[in-house]
Amino acid sequence: MTAAAPDLYTLPIAARPRRTWAQAAHALTFLVVFAFGCLMINGSQFVVLLPLKLLPFRAARKVYYEGVRYSKGAFGALLVLICQWFAPTKLVLSFETEGLGKFTPEEIETLVERDNHGKVVALNLPKKAVLIANHQIYADWMYAWVLTYLMGTHRDVFIVLKKSLKWLPVLGWGMQFYNFIFLARSWASDRLHLSKSLSWLARRAEKEDSPLTFILYPEGTLVSKDTRPVSKKYADKLGIPDMTHTLLPRSTGLHYSLRSLAPRIPSLQLLDITMAYPGIPSMEYGQAYYTLRSIFCDAVPPPAVHMHIRKFDVNHEVPIGNISSSNPNVLPNGSAKSAVEVDIPEVEREAFELWLRNLWREKDKFIGRFLETGSLDAPTVSGKPVEVEVPIQLRHRYEVLDAFCFFVPAVVGWACSKLR
């Protein structure tokens, strides 16, 4: 009797069978659909939104921002749709109930919303939050954005990108409309720009009572054969042990970000997410098993995306330092030394770095547990972890039209009517 062939996702990409004609057709269809969606979204931004931005009227500016939010939500819906159609998988969510960043029993009771059929339709996670996670594969950010779709904040996602991506045709142009933050990867020149940009976004979100989700990866890059030695060298320099399954986090960008956002959003939360994927053996690297091409073009997605979520009140539970002299109504400007958001005393810098490093060591242990048990969460009294499975798919059929920005004219008309 022949043994069953192993699932493709458990094999390194280099060891998988040659791509079939069916996979080639799948890849072509995916590329056409995704490119069409991006072109529709970006086209609507140029045709409908850009003229509004050029008009010197407050009402036009308000309609413009609502249109940008809609187009950003359309891209979030497009990400969900391409997962649903071309790389079906599910999120397996667990929530901390015992250690640092734990949810209270009352919060756990209300976290998950289900419809009459028991299907998960929403997650009641904070609407104003900084989302941090470990970084294993390039698709991490897509699955993080999918999570915000369930949170209801996918229209209000902000990320940091390399400045070189700013003028990338279609995608780069769209990201400029989204008010994403582009950095030159030099803190000497970037820190004031980052702080000013986030302070402006935070002030606007608080004033308009709109959501804000800022996604950041403190490791700065993927875990790989190239970055592992860099992390080890950094650990040796600090005289501490290196991580096993993650990279040592760099605290600078996150620290600047929290100090810029927290004074302007008193309720700001930090969502710490540990991500893990089945099929990646211990001491192996995620990109050897899951690339954007293998997931979406070859149709070999992870069977599940595991996320363990912790939550911290930034102003009370995270040691960001003394920011009492920050004026929420004034944006950091002038020199970095005159801005309390980025002029951080060494003692406060070291305290935050140690806190983040300890957070990451626990994250490293969670991934070790996942490799042993298949779950990021600890077992409960019943012997099994409490997990929520959510298939990645759009909640309503009409959202397929949203994913291609077909409702932009209707949204602009609605926004105009609200201003009358």
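The model is predicted, with local features requiring pLDDT of at least 70, side-chain atom pairs counting only at pLDDT 80 or more, and totals for chains, interfaces and linings using all residues. Residues are numbered from 1 along each chain as its sequence is written, and side-chain values use heavy atoms, without hydrogens or water.

The structure contains 2 cavities of 30 Å³ or more; a cavity is a set of points on a 1 Å grid over the protein atoms alone where a 1.4 Å probe fits but cannot get out, and lining residues have an atom within 4 Å of a point. The volume is the space filled by probe spheres set on the points, which are joined across faces, edges and corners.

The largest cavity holds about 50 Å³. Its lining includes Val-80, Leu-91, Tyr-149 and Ile-392. Helix 4 (140-151) gives the most to this lining, 3 residues; helices are DSSP runs of H or I with at least four residues, numbered from the N terminus.

The second largest cavity has a volume of about 40 Å³. Among the residues lining this second cavity are Lys-119, Val-120 and Arg-395.

I turn now to the surface. Phe-46, Val-47, Trp-167 and Trp-173 make up a nonpolar patch with about 460 Å² of accessible area together. Areas come from the Shrake-Rupley method with a 1.4 Å probe. Val-47 belongs to helix 1 (residues 21-54).

Note on methods
1 Å grid on protein atoms, 1.4 Å probe; cavity = no way out; pocket = protein on both sides within 12 Å on 5 of 7 lines; lining within 4 Å. Helix = DSSP H or I, 4+ residues; strand = E, 2+ residues; numbered from the N terminus. Patch = residues over 30% accessible without salt bridge, like charges linked within 9 Å, V, L, I, M, F, W, Y side chains within 5 Å. Salt bridge = Lys/Arg side-chain N within 4 Å of Asp/Glu carboxyl O.
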